[in-house]
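Please look at the structure first.

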Amino acid sequence: MSSSTPAASPSATSDEQNVATALHTVQARISALQNARNCKDVQLVAVSKTKPNALVQAAYDAGQRHFGENYVQEVVQKAGELPNDILWHFIGPLQSNKAKLLASVENLHVVESIDRVKTAMVLDKAVAASGRAHPLDVMVQVNTSDEESKSGCACGEAVEVAQAVAGCERLRLVGLMTIGAPDDSEEPEAFRRLVTERDAVAAALGRDSGSLSLSMGMSNDFEAAIRMGSNSVRVGSTIFGARNYNR
Ligand SMILES: *Cc1c(COP(=O)(O)O)cnc(C)c1O
């Protein structure tokens with residue numbers, strides 16, 4: 001976490017000031033856990049879906065650089081309007097016919113939501129066509145809560161999808177992502193499953209487990225996720241306020 005946190009500008013609206021304050025609170029909660037566990041840096045991704053540019057800019061001005069979006073159209077638009085050193089994380093369902101548009105975002109940092117072999121293939125082609133100089137980082141999204149409404153491949157499919165990604169010339173497998181399920185326990189079952197899948201993928205690919213990140217933990221459970229080994233937490237409403245509608 002950055003130690004120098006610029007103050008909000010004097011002309012900031014109260015909503016913008018609230019974002020800066022909430023961001024610092026989340027950063028402090030993450031730092032406290034890191035210090036307690038003496039673990040390496042946990043990345044904070046600020047999930048800005050449905051939120052206006054002014055609030056994204058407020059978080060940016062407070063030092064945040066990693067942002068998450070769920071909709072291709074929305075990340076394309078925001079990337080065009082906001083500072084180009086933002087590192088965008090695409091975390092929503094990806095339809096094949098949107099892969100080209102998504103790959104056109106120059107400062108797209110990672111696609112965390114690859115859950116089918118076919119989508120990996122299509123994204124690989126789109127990246128080749130986009131002229132990006134380097135492979136695109138991707139994660140395999142796993143549905144660890146067996147809920148049909150949630151995106152992600154089934155636990156038993158993660159190795160197959162990961163192998164497909166690993167076989168794509170223009171994609172680089174960097175980890176696994178999950179949403180999980182509401183769970184008040186100290187060690188949510190969904191996160192335990194993602195750790196297991198990560199280890200299975202690492203074994204299947206002959207890689208070190210530590211070379212594959214775990215993207216798990218949202219507003220309500222990011223602290224539990226960090227305790228269980230999360231490397232990247234995706235926090236939306238706790239930073240930006242409740243969303244009017246869930247999409
Ligand atoms: C919306 C969303 C988040 C953030 O959720 P909050 O509960 O608002 O923190 C994180 N990950 C994914 C995949 C999302 O769709």
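**Spaces and ligand site**

The structure holds one cavity of 30 Å³ or more. On a 1 Å grid over the protein atoms alone, a cavity is a set of points where a 1.4 Å probe fits but cannot get out. The model is predicted: local features need pLDDT of at least 70, side-chain atom pairs count only at pLDDT 80 or more, and totals for chains, interfaces and linings use all residues. Residues are numbered from 1 along each chain as its sequence is written, and side-chain values use heavy atoms, with hydrogens and water left out.

**Cavity**
- The largest cavity has a volume of about 30 Å³.
- Its lining includes Gln141, Asn143, Lys150 and Ile179.
- That lining divides into two nonpolar, seven polar and one charged residue.

**Pocket**
- The ligand takes up the space of the largest pocket. A pocket is an open set of points with protein on both sides within 12 Å along at least five of seven lines; lining residues have an atom within 4 Å of a point.
- The volume of the largest pocket is about 800 Å³.
- Of its 29 lining residues, Lys49, Lys150, Ile179, Met218 and Arg243 are the closest to the centre.
- The pocket lining comprises 10 nonpolar, 11 polar and eight charged residues.

**Ligand shell**
- Residues around the ligand (a heavy atom within 4 Å) include Val47, Asn70, Ile91, Ser219 and Val235.
- The shell divides into five nonpolar, four polar and three charged residues.

**Contacts and cover**
- A polar side-chain atom of lysine 49 lies 2.7 Å from a ligand oxygen atom.
- For arginine 234, a polar side-chain atom lies 2.9 Å from a ligand nitrogen atom.
- Glycine 236 uses its backbone: an N or O atom there lies 2.8 Å from a ligand oxygen atom.
- The protein covers 92% of the 390 Å² of accessible area (Shrake-Rupley method, 1.4 Å probe) that the ligand has on its own.

How values were computed:
A polar contact is a pair of N or O atoms within 3.5 Å; within protein, one must be able to donate a hydrogen and the other to accept it, and residues adjacent in sequence count only if both atoms are side-chain atoms. A molecule sits in a cavity or pocket if more than half of its atoms lie within 2 Å of its grid points. Ala, Val, Leu, Ile, Met, Phe, Trp, Tyr, Cys and Pro count as nonpolar, Asp, Glu, Lys and Arg as charged, and the others, Gly among them, as polar. Grid points are joined across faces, edges and corners, and a volume is the space filled by probe spheres set on the points.
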